Amino acid sequence: MTQVMNFAEMQAFLNEQFPQGEQWGVLEQLGDGWAEMRLPVSDLHLRPGGTVSGPAMMGLADIAMYAALLSQIGPVALAVTINLNINFLRKPKADGDILARAELLKVGKRLAVGEVYINSRGEDDPVAHVTMTYSIPEEKHGR
């Protein structure tokens, strides 16, 4: 497959169709089947003990994979997550942004599978690894 949505088109789509998504991540880069997003960590994303919460990291992974998928299938608002598996590998920094890089592994007619690595800004070792499956609606718009 080839990239059908560029960065500007994706940003416009997310702003229009999913404006609440910015609480889970901001698009930084977009390519053919991959996306990088950043979550500016705030008190809303922290859990007791001063670490970034699991739901915050899952939200970041989900929106990053959504962008990666739409980069290839176009503006399909109703593509939805049907499975998300996350492994928390180490404690992320609570005083800095976390970054996610999502990459598609396979895109079929009805399902797409990908993985996401999440890092604390400035750290090489990932804090979480996510695998996800998305359902693609039968009637796709933008293809």
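S53 caps the N-terminal end of α2, with a side-chain oxygen 3.2 Å from the backbone nitrogen of A56. A polar contact here is a pair of N or O atoms within 3.5 Å; within protein, one must be able to donate a hydrogen and the other to accept it, and residues adjacent in sequence count only if both atoms are side-chain atoms. This is a predicted model, in which local features need pLDDT of at least 70 and side-chain atom pairs count only at pLDDT 80 or more, while totals for chains, interfaces and linings use all residues. Residues are numbered from 1 along each chain as its sequence is written, and side-chain values use heavy atoms, leaving out hydrogens and water.

Because 17 of its 20 residues are buried, α2 is largely enclosed by the rest of the structure. Buried means under 20% relative accessible area, exposed over 50%, and partly exposed in between (1.4 Å probe, protein chains only). After α2 comes G74, with a positive phi near 90 degrees.

Another glycine, G108, sits in the loop between β6 (98–107) and β7 (111–120). Helices (H or I, at least four residues) and strands (E, at least two) are DSSP runs, numbered from the N terminus.

Here are some values for the chain:

| Property | Value |
|---|---|
| Elements | two helices and eight strands |
| C-alpha box along the principal axes | roughly 45 × 25 × 25 Å |
| Buried share of the 143 residues | 45% |
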